[in-house]
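Please prepare a short briefing on the structure shown below. Keep it plain and group the points by topic.

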Amino acid sequence: MPEEGRTVPRSARTPPLRFSTQTLLLQLGVVLLVVLLSAAVHAWLTYERVGREAENQALTLARAVAADPSVQADVLAISAGAGTPPPAVLRAGPLMAAAEAIRTRTGALFVVITDETGLRLAHPDPDRLGEKVSTDPSQALAGQEVTTRNTGTLGPSAGAKVPVYARGAGTVVGEVSVGYSMESVGQSVARDIGPVGLTAAGALLAGVLASFLLRRRLQRLTLGLEPEEISTLVHDQVAVLQGVDDGVIGVSADGRISVFNAAAQRLLEQPDLSGTPWADAPVPGQLRALTRPDAAEADAIELVAGGSVLVASARKALHRSEDLGWVVMLRDRTELQQLTRQLDAVGTMSTALRAQRHEFANQLHTIAGLMSIGQHQQARDYLAGLAATGPLKFPVDQAELLQDPYLQAFVGAKGVEADERGVTLRIGPETLVRGQVTEPQDVTTVLGNLIDNAVNAAVSGSAPDRWVELEVLDEPHDDGGTLHIVVADSGDGLAAGTDAEAVFAEGFTTAAGPVVPAPAAAGGRSGGQSGARSGGQGLGLALARKLARRRGGDVRVLEPGTPGGPGAVFMASLPRTTAGTTPGTPAGTQDLAGKDNDA
């Protein structure tokens with residue numbers, strides 16, 4: 001019970017009607033109004049039509065009576081005489097008999113004949129004879145034919161007035177008035193309006209049924225939501241879809257793309273595909289496979305699209321057990337994988353530094369021992385040797401050919417990694433890099449994939465001497481130098497019958513063993529430089545080629561290799577990745593490269 005003195009809002013007492021119910025009531029009201037207006041207009045038109053027909057019929061009958069020679073003669077005789085005969089004479093006269101005979105035969109309400117002054121010479125009511133007619137006869141007595149609808153002594157009627165001319169002369173000697181009862185007109189309208197009423201009732205029933213069907217369809221299309229809720233959802237959708245960095249693709253239940261946000265356009269490098277059939281959309285096949293009717297909601301998959309490594313997942317969209325289609329989510333993992341690769345390189349170098357710290361300590365002990373026993377010259381020679389080679393030396397042959405400190409550090413870390421697996425990483429004699437790397441992320445991705453795959457191929461090859469050879473050439477240009485990379489290995493080459501282009505297909509890998517998370521951006525090469533033996537995912541080479549081609553370069557197979565070695569030879573071209581001549585070595589980079597470390 002509400003507290004005394006407080007007014008309970010109406011909305012709290014009576015819940016507002018739902019939008020679909022309001023729409024239904026509005027439609028029913030409109031249908032009812034249209035049907036009633038249509039029926040009323042049709043009834044009015046029918047009434048007017050029947051009334052005009054009665055007027056025309058009265059006019060025709062009045063003309064016939066006025067043109068009767070006997071009527072003309074009798075009216076002329078009375079008009080020519082002095083005064084009007086008394087009612088008793090008129091009642092028994094020929095005009096009264098002729099008028100009543102015509103009225104009875106035609107079913108007219110009245111047939112009235114007057115003289116030139118408008119006095120009745122014939123009338124259905126004998127008591128009215130000799131009196132002035134109740135309606136104005138002046139137009140007819142002036143020689144005009146008129147149709148009228150008025151109410152006289154006998155009731156409402158539709159009739160006509162026609163002048164009576166003297167035979168053989170143009171003189172008006174009287175007029176004839178004929179009328180049909182409007183009650184008869186109404187009866188005719190009632191007979192005609194019956195089918196109209198049935199039609200109106202049928203139209204009303206059809207309108208009600210259509211309104212109910214439209215209400216159900218409206219509820220189904222709006223999922224039972226009110227306009228305010230739909231408006232809120234639209235605002236939320238725009239805020240969410242356009243405000244997130246993840247790509248969102250909505251596939252409706254009928255197989256068309258309903259949502260394709262800006263992030264999805266950027267990640268897939270496609271325009272807005274909203275409205276396009278999902279089966280024909282220019283998207284990777286792995287995405288369509290996620291939404292097959294027989295596909296279950298699986299874990300996320302990785303794929304290469306638009307030069308990026310994407311993580312894609314799909315979920316079924318349901319609303320109150322109604323199937324609304326699929327939602328496909330895309331997340332960019334490219335930068336994460338590049339950072340992971342760089343962190344792996346830093347971690348490898350850190351491990352190498354820790355391992356060589358003991359060697360550095362032993363060298364210090366050696367120098368201290370030489371000094372303590374007075375062998376000063378040997379101590380100086382020992383220090384000179386350390387200064388020439390550096391206290392830290394990466395296991396990379398001819399690493400001094402790489403003048404760029406970034407390449408020295410990165411390739412040196414890869415050399416440590418390869419050495420731990422029993423593979424020698426060496427720099428080819430044709431290597432010449434005078435410029436400075438300006439795009440380290442792309443260079444790291446491409447170079448790291450090629451070296452990793454070559455090391456894996458050398459480890460799995462049959463040759464006893466395991467090696468990987470790297471040649472890097474910097475070709476200067478005004479708009480940025482092109483870095484040419486050639487990687488060869490001692491593996492067994494590409495498997496027999498393997499297409500050289502097939503190794504760049506997304507998902508191609510010959511990695512043995514169970515599939516486990518591979519190193520970031522690990523690629524897939526068959527035989528020669530295959531995917532990581534611990535679980536290649538077949539993404540590395542596909543990503544490397546896309547990155548190179550996006551810059552205007554390429555990654556391709558120069559030599560497929562032979563069983564027993566040497567293995568396959570891969571070449572990569574990366575335009576606009578170097579600039580100028582290295583002006584100097586930034587502070588600290590020589591330490592990573594193994595030069596001039598005074599620690």
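How many cavities of 30 Å³ or more does the count come to? The count comes to four, in a predicted model where local features need pLDDT of at least 70, side-chain atom pairs count only at pLDDT 80 or more, and totals for chains, interfaces and linings use all residues. Residues are numbered from 1 along each chain as its sequence is written, and side-chain values use heavy atoms, with hydrogens and water left out.

**Sheet**

- Five strands make an open, antiparallel sheet in the order 2-1-5-4-3; strands (E, at least two residues) and helices (H or I, at least four) are DSSP runs numbered from the N terminus, and two strands pair if DSSP finds at least two bridges between them.
- Strand 2 (120-122) and strand 3 (146-152) are at the edges with a single partner strand each, so one side of each has no neighbour in the sheet.
- From one strand to the next the twist averages 35°, with axes fitted as lines to C-alpha atoms (for helices over the stretch in contact) and angles running from 0 to 180 degrees between N-to-C directions.
- Seven antiparallel bridges join strand 3 and strand 4 (residues 155-165).
- Thr-151 has Pro-156 of strand 4 as its bridge partner.
- Helix 5 (residues 94-106) packs on the sheet and touches strand 1 (110-115), strand 2 and strand 5 (172-181), contact being heavy atoms within 4.5 Å.
- The direction of helix 5 makes about 155° with that of strand 1.

**Largest cavity**

- The largest cavity has a volume of about 230 Å³, a volume being the space filled by probe spheres set on grid points joined across faces, edges and corners.
- A cavity is a set of points, on a 1 Å grid over the protein atoms alone, where a 1.4 Å probe fits but cannot get out; lining residues have an atom within 4 Å of a point.
- Its lining has 19 residues, of which Phe-110, Val-112, Ser-134, Thr-135 and Lys-161 lie nearest the centre.
- Strand 1, strand 3, strand 4 and strand 5 each supply at least two lining residues, and strand 4 gives the most, with five.

- Helix 14 (residues 440-460) should span 30 Å, and its end C-alpha atoms are 29 Å apart, which agrees; the expected span is 1.5 Å times one less than the number of residues.
- Helix 14 is largely enclosed by the rest of the structure, because 17 of its 21 residues are buried (under 20% relative accessible area, 1.4 Å probe, protein chains only).
- In helix 15 (residues 540-550), eight of 11 residues are buried, including Leu-541, Arg-545 and Leu-547.
- Gly-552, which follows helix 15, has a positive phi near 95°.

How values were computed:
Buried means under 20% relative accessible area, exposed over 50%, partly exposed in between (1.4 Å probe, protein chains only). On a 1 Å grid over the protein atoms alone, a cavity is a set of points where a 1.4 Å probe fits but cannot get out, and a pocket is an open set with protein on both sides within 12 Å along at least five of seven lines; lining residues have an atom within 4 Å of a point.
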